[in-house]
There are 2 protein chains.
Amino acid sequence: MASSHPLDPVFNPASIAVVGASADPRKIGGRPIAYMQRSGFSRPLYPINPRQREIQGLQAYPSLRDVGRPVDQVIVAVAGEHVPAAVEEAVAQQARSIIVFSSGFAEMGDEGRRVQDQIAARCREAGIPLVGPNCIGVFSARQAMYATFMTALEHELFEPGSVGIATQSGAIGSYLYGLAGDRGVRFSQFIATGNEAAVDVADCIDWMAQDDATSVVMAYLEGCRDGERLYRALRRAQAARKPVILMKVGRSAQGAAAAASHTGSLAGADAVYDAILRETNAWRADSLEEMVDVAYACSTSVLPRGPRLGVITPSGGVGVIAADEAARAGLTLPVLPPQTQQAIRDIIPFASGVNPVDTTAQTVGDRSLYTRILDIVFRHEGFDSVLSFNASMGRSEAEFAKVRSALYELRRAHPQTVVALSMRATPEIAAELGREGILYFADPSRATATIGALARIAAGFDRPAEAAVAMQAAQPLPEGVLDEATARRLLEGAGVPFVGQAIARSADEAAAAAEACGYPVVLKVLSPDIAHKSDVGGVLLGLKDAAAVRAGWSSMMDKVRTACPAARLEGAIVSPMVAGGVETVMGAVRDPVFGPMVMFGLGGVFVEVFQDVTFRRAPVSLQTAREMIQEVQGLPLLTGARGKPKADLGTLAQALVDLSRFAVAHRDEVASVEINPFIALPEGGVAVDALILR
Amino acid sequence: MASSHPLDPVFNPASIAVVGASADPRKIGGRPIAYMQRSGFSRPLYPINPRQREIQGLQAYPSLRDVGRPVDQVIVAVAGEHVPAAVEEAVAQQARSIIVFSSGFAEMGDEGRRVQDQIAARCREAGIPLVGPNCIGVFSARQAMYATFMTALEHELFEPGSVGIATQSGAIGSYLYGLAGDRGVRFSQFIATGNEAAVDVADCIDWMAQDDATSVVMAYLEGCRDGERLYRALRRAQAARKPVILMKVGRSAQGAAAAASHTGSLAGADAVYDAILRETNAWRADSLEEMVDVAYACSTSVLPRGPRLGVITPSGGVGVIAADEAARAGLTLPVLPPQTQQAIRDIIPFASGVNPVDTTAQTVGDRSLYTRILDIVFRHEGFDSVLSFNASMGRSEAEFAKVRSALYELRRAHPQTVVALSMRATPEIAAELGREGILYFADPSRATATIGALARIAAGFDRPAEAAVAMQAAQPLPEGVLDEATARRLLEGAGVPFVGQAIARSADEAAAAAEACGYPVVLKVLSPDIAHKSDVGGVLLGLKDAAAVRAGWSSMMDKVRTACPAARLEGAIVSPMVAGGVETVMGAVRDPVFGPMVMFGLGGVFVEVFQDVTFRRAPVSLQTAREMIQEVQGLPLLTGARGKPKADLGTLAQALVDLSRFAVAHRDEVASVEINPFIALPEGGVAVDALILR
């Protein structure tokens, strides 16, 4: 390990005591001892049990104190009511990490949460990392360290590998261990954080990011209490070029409701998770199966250098299936150069050499034709990944034997290329392929989708991280309610350009202001008590002359007074109408988990009906702001669709930068900012209205 | 079989001859004989080979004629150049079906296509169904009829089942046979149609729809030459309540390009396939794996009565995963009534009885707690499907034995409920569950998605089919180019309401017309040679008085003449501006495969940028037209979003009906119709512009 990390004593303890040790290897207090005995944990292991002198062949001690030597890690496996005393004793004995299996805490209600908080506070004071309570524990495969009662290990103990699992839920973690294990994935580290009284999944990702034994991380989250911590951990993994495949459940309203009844964790907005995970290059999996697919692929294969996929198949149909999925997955299918196509046809005259390469079924009768064509495809060197469909070849050892050595030779001769086989295969052949660094999938679409995931993950490692932005200390916001004029002044001060305006206290002042700025004008009521002016008749558009302004003033004030009798009406804002631009919306929200986020979308229905918006963690650089603009589906409206002039995207991006910096500078004072609309013009752009909520 | 069908002799021949029979059971001409001998085909089987007297224990004949008895089905397995003669002899011998394995026809180029067309014409004249050429053949499992050289059958010959496979590609069909077979799916019938010189996949679906042995159809298509035939076949399957799970590849541009280089079939627009398959209740699968999942589920389980899903799990996390996927799949998770929740908590105090039911891990230690809670969930009778997550229980026979009998009893006691288990399981336990009518999936998301598919398929069977619409013979369209005025007159005649208009031949006439209809007005150039008027400056909006109309006339005519010097300018159309409505687009296109289709979407960017449109086969009923309007994403704009008044959807729907009937009445004359915009108003609605292309 490069340097010390607060979680080192969790994963790499010098000695372990099990408080509540059991002689029964199937009890919660017996399993860790049984697993470590079986696997050969080489460091001291102390069963603690006041009623036994020996447990599973080891000397047992009545209490931690009685061990008489330093105990590095204390596993607590006693009934819930005895946990506080056990933790107290571990602290007293200067344990360096504590893992509490026992349940009966926050998951049971307020009283349990209170006790849990006490335990956590005690460990925090003592500087001891606490895992759990209500967790199935930790293992570190290379050290044969099994501080866990995970039942799957009784029957399925795999040799060590390079994939780490960090999971809130022990049940999901165990299931992933089994599911991924079935696919040949092997594990370096495992931790289930349970109630997360102290150590959370983010901490564990952070530790795995610097763990030499771990090259890929699978993470499962139901909620997150500290978004900044998760963000930093994911950034660290990204910098270490370790793929993180993360599942965050509760995407749908239905799922979020189920999650809320199941966990007390705060749920940030789902779109915000998407933004954070994209920014940190974590792969967000939608299902356990997808998580296993991508982790399997990342731990089995090199990552591709780019999106170029070559497909070779004896069935044209499978080529089309792969091409369809490649389009979804962001992969390209470059056409092979004519001489390569000719070389393929020299072997099989009626083969299609374009890409997908359709060898025809002739290769089934004579497998050497297949391996010769495969050789040509590899030698071409223009593909970052090669997917070969081989029907049921892998179900017959005799058939597979015909291609084995040629296939493995090609694999070794082209170490930078991702190689995937889609076929039906025996478990033995599937496992063998994995050991050779060749991906195996029965379904060709899943193979293609997974290669697409690898390509995106690889590209994300090469994307420069958002540079840290130096933020100057900001003036606190003025006291009191923030009316539109104040919001405007603050945002203008932050750099956001606004449409010209004047504040009028009377109809006469309004008419004079309109004359000064030029017709047509907009009249908007000014009141600290009215957030949504147009809903109460407080906005008049397109007033064409002084008479219209005066008449508008009276009718508007009447309407607003009727709608909001208690509102203080301070006058009205007069602005010129802005013509010829595209309405956009910019916003900033303080996400309960991740803090200030900045949002961009096209205005009106595009936000409200199509939810066509994109988020980023604030502050953003100009480059990131430009990416946000490129991401919205309605982008063509800003780039000249339907005969509109192209909008000035530079001004738009700069306004997003300024807004994002404002949101960060006032992160503790501001709940949300909405600039709606910000009108993107062919040259420049202006905010027309702004709302700041504390 | 209920009544006779043209394909009966293909699937159920009274006798079979193999022309080009081989003594080698691994040769193409040897396999069908070997398979049928092994399986006990009980009807006469005649090997035809001029050089052998006996083949695989059967008497061989030098020619078909030499058999001396009627031969019902002739399999042709000779080299391509001998195929025409073999077909000729089969026709002469009055065969009732011909299956040509041999390749070397349309897939090889024009000469091959010519010969193929000759063979097909010969069979058509003689009234004999021809399967292939270039196909791997047909089997009918219950009759042990294996008129195929599919190599998978050598190693994996399953007992008969109820799933039919109809596939263009033999390779894909074989792979599906293996993939689905691995999941426990068993097959009634199989046919690969290869080059489809005569019999196509649609014919085979049609046959399977009336085949008593088949209850589920898997169909694989790369293209389709006769959309009407496919539509009728799918309708027939729908009427028979037989799920059809269909994969049509070439969804993406990339995939379509790959398909075009691989097959000569016409490709209809992909969105049109979506519309046709939705209308006929065929399930469109996106991958082979999804196809297998849904076919497996349809052939293993009853279909659910509705979308209500109950989830029971020892892990809250899996409940959230299922809830997320249920939202995507259109399933609901109704909350259990309080007394049911209480009954669950009486068994496990800290269980969550809401739904998902979280039993906590206590059920893992005592499986009887699980089966008791499961019983309560079933007795509640409020779920159409129940999904139970059981972690790795199915990997241990000892663990599974603890729940087996209670589970099967519940399954039998609630025969109308879909029951699915998500867990890791041994192949033996997975297969056993299938035999008991219980679905099994390792991945809980896939389990949920598949239950969602079943619910949608079931709902589709209950949806009334579009009533056949009596179409009156239409007057042929006028000769010559169809300018806007003509298009308008024709569509008005069909019932579509248009905005008022006058045709002006001069600036003075335009001004007079404008006075008559009221300002502001629109001026549009009238020319049979200009389709997109606004692109050439031929549309002026919002002219406010007679002077503006006169000035506009001159400037517009100048612009148009400069842009289109050769265009005949016949004058201009004068219409009042329509205010206060929502722009929609209606269209009709003649799909090359499926014929007239009607399209609806919101106008402008919603069509162009968001592709927010929906299609139906024309003509549509008022009910279907209303469904189309409900389907577009931008629907809120028509139902009062953003303070707009609600649009008159009845008028909108009626206009779609009228347009669709027009498109059908003129199906041979009209390539496309576009009404853009059709302005939906709070009361009524009007077409503003229309374009008809031949």
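Let's start with how the two chains relate. Rotate chain A by 180°, shift it 0.1 Å along the axis, and it superposes on chain B with an RMSD of 0.1 Å. That is the relation of a two-fold axis. Keep in mind that this is a predicted model. How do the copies meet? They meet through the same surface, because 100% of the interface residues of chain A are also interface residues in chain B.

Now chain A on its own. Its C-alpha atoms fill a box of roughly 95 × 80 × 40 Å along the principal axes. The secondary structure of chain A comes to 25 helices and 29 strands. Of its 694 residues, 59% are buried. Next, contacts along the chain. Take those in chain A with a separation of 6 or more: 71% of them join residues 24 or more positions apart.

Here is one example of sequence distance against space. A:Pro427 and A:Gly184 are 243 residues apart along the chain, yet their C-alpha atoms are separated by 9.5 Å. A:Pro427 belongs to helix α18, residues 427-435 of chain A. Is A:Pro427 buried or exposed? It counts as exposed, because its relative accessibility is 63%, and the cut-off for exposed is over 50%.

On to the cores. In soluble globular proteins, nonpolar side chains tend to be buried together. The largest nonpolar core here has 149 residues. A:Phe187, A:Ile205, A:Met218 and A:Leu433 have the most contacts inside it. Helix α11 of chain A, residues 288-300, gives the largest share of this core, eight residues. Look at A:Leu433. Beyond its neighbours within four places in sequence, A:Leu433 is in contact with several residues, including A:Phe400, A:Tyr408, A:Met423 and A:Tyr440. There is also a second, separate core, of 148 residues. Among its members are B:Ala322, B:Ala326, B:Leu369 and B:Val377.

Next, a helix pair in chain B. Helix α14 (residues 338-347) packs on helix α16 (residues 367-379) at an angle of about 170°, and the axes are 10 Å apart. So α14(B) is roughly antiparallel to α16(B). Which residues of α14(B) make the contact? They are B:Thr340, B:Ala343, B:Ile344 and B:Ile347. From α16(B) come B:Leu369, B:Arg372, B:Ile373, B:Ile376 and B:Val377. Together the contact residues divide into seven nonpolar, one polar and one charged.

Now a residue that touches both chains. A:Ser445 lies in helix α19 of chain A, residues 444-462. A:Ser445 counts as buried, because its relative accessibility is 3%. Leaving out residues up to four places away in sequence, A:Ser445 touches A:Ile321 and A:Glu325, and also B:Asp286 and B:Ser287.

Last, some backbone details. Most residues other than glycine have a negative phi, and most peptide bonds are trans. Chain B has exceptions. A cis peptide bond joins B:Gly132 and B:Pro133, with omega about 0°. B:Pro133 sits in the loop between β7 and β8 of chain B. The bond from B:Tyr519 to B:Pro520 is cis too, with omega near -10°. B:Pro520 is in the loop between α22 and β21 of chain B.

Then phi. B:Gln94, in the loop between α4 and β6 of chain B, has a positive phi near 60°. B:Asn281, in the loop between α11 and β14 of chain B, has a positive phi of about 65°. Neighbourhoods next. B:Gln94 counts as exposed at 66% relative accessibility, whereas B:Asn281 counts as buried at 8%.

Note on methods
Residues are numbered from 1 along each chain as its sequence is written. Chains are lettered from A and ligands numbered from 1 in the order in which they are written. This is a predicted model: local features need pLDDT of at least 70, side-chain atom pairs count only at pLDDT 80 or more; totals for chains, interfaces and linings use all residues. Side-chain values use heavy atoms; hydrogens and water are left out. Copies are superposed by least squares on the C-alpha atoms of residues with pLDDT of at least 70 in both. Contact means heavy atoms within 4.5 Å. A nonpolar core is a set of buried Ala, Val, Leu, Ile, Met, Phe, Trp, Tyr and Cys residues joined through side-chain atoms within 4.5 Å. Buried means under 20% relative accessible area, exposed over 50%, partly exposed in between (1.4 Å probe, protein chains only). Helices (H or I, at least four residues) and strands (E, at least two) are DSSP runs, numbered from the N terminus. Axes are lines fitted to C-alpha atoms, for helices over the stretch in contact, and angles run from 0 to 180 degrees between N-to-C directions. Angles under 35 degrees count as roughly parallel, over 145 as roughly antiparallel, 65 to 115 as roughly perpendicular and the rest as oblique. Ala, Val, Leu, Ile, Met, Phe, Trp, Tyr, Cys and Pro count as nonpolar, Asp, Glu, Lys and Arg as charged, and the others, Gly among them, as polar.
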